[in-house]
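Please look over the structure shown here before reading on. The paragraphs below lead through it step by step.

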Amino acid sequence: MPQADGSQKALEVVVFPEAARGTGEGHRPWDLLPQSTMTNATVVDLAAAPKSVRGGQQLRLTYKGGEKIIVVPPNVPVVTFRPGTEALLVPGAKVLVNAQEKNGTPTALRVTAGRNGFAPPM
């Protein structure tokens with residue numbers, strides 16, 4: 001979320017695997033909450049967050065054409081992806097399905113599943 005000082009406050013952090021470096025790089029509006037944004041970038045510096053965010057971290061991110069400072073409060077989920085199997089798709093599992101309409105039918109492009117009751121961000 002954009003902050004008055006020009007920084008951003010993270011609502012969630014997703015660490016992409018190395019093979020996905022540069023995917024969707026940039027800073028843009030996002031639909032998680034009104035006024036929210038998404039930044040896909042490389043972390044170039046890590047420091048303690050300002051005292052107003054006790055226990056948090058501050059990330060300096062760079063991407064083609066820009067740079068952002070992101071403050072990550074200590075309660076923000078930080079997750080990564082790794083390959084899974086359909087064994088993760090059990091009753092009650094929280095999932096995120098990225099889909100696209102093909103020939104008039106919604107078709108899953110990717111399924112992200114949480115484990116042990118965790119809800120995938122985004």
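**A walk through the model**

E67 is partly exposed because its relative accessible area is 43%, where buried means under 20% relative accessible area, exposed means over 50%, and partly exposed lies in between (1.4 Å probe, protein chains only). The side chain of E67 meets that of R60 in a salt bridge, at 3.2 Å from N to O, a salt bridge being a side-chain nitrogen of Lys or Arg within 4 Å of a carboxyl oxygen of Asp or Glu. R60 is likewise partly exposed, since its relative accessible area is 29%. By this rule the count comes to two salt bridges, and R21 forms one with E18, the closest N and O atoms being 2.8 Å apart; R21 and E18 are both exposed.

This is a predicted model, in which local features need pLDDT of at least 70 and side-chain atom pairs count only at pLDDT 80 or more, while totals for chains, interfaces and linings use all residues. Residues are numbered from 1 along each chain as its sequence is written, and side-chain values use heavy atoms, with hydrogens and water left out.

Seen as a whole, the chain has zero helices and ten strands, where helices (H or I, at least four residues) and strands (E, at least two) are DSSP runs numbered from the N terminus. The C-alpha trace spans about 45 × 30 × 30 Å along its principal axes, and buried residues make up 22% of the 122 residues in the chain. The chain exposes about 8,700 Å², of which carbon and sulfur atoms supply 54%; accessible areas come from the Shrake-Rupley method with a 1.4 Å probe, and for residues only the protein chains shown count as cover.

Strand β6 (residues 57-63) and strand β7 (residues 66-72) pair in the antiparallel sense over seven bridges, and Q57 has V72 in β7 as its bridge partner.

The largest nonpolar core has seven residues, namely A10, V13, L59, L61, I70, V72 and V76; such a core is a set of buried Ala, Val, Leu, Ile, Met, Phe, Trp, Tyr and Cys residues joined through side-chain atoms within 4.5 Å. To this core β6 and β7 each supply at least two residues. Not counting residues up to four places away in sequence, L61 touches several residues, including T39, V43, E67 and I70, where contact means heavy atoms within 4.5 Å.

On the surface, L89, V95, V97 and V111 form a nonpolar patch with about 330 Å² of accessible area together. Patches are made of residues with over 30% relative accessible area and no salt bridge, like charges being joined within 9 Å and nonpolar side chains (Val, Leu, Ile, Met, Phe, Trp, Tyr) within 5 Å. L89 is found in the loop between β8 (78-80) and β9 (95-102), and L89 counts as partly exposed because its relative accessibility is 48%.

Is T112, by contrast, buried or exposed? At 13% relative accessibility, T112 counts as buried. T112 has its place in strand β10 (residues 105-113), and, leaving aside neighbours within four places in sequence, T112 is in contact with F81, K94, V95, L96 and P120.

Key:
Pairing = 2+ DSSP bridges.
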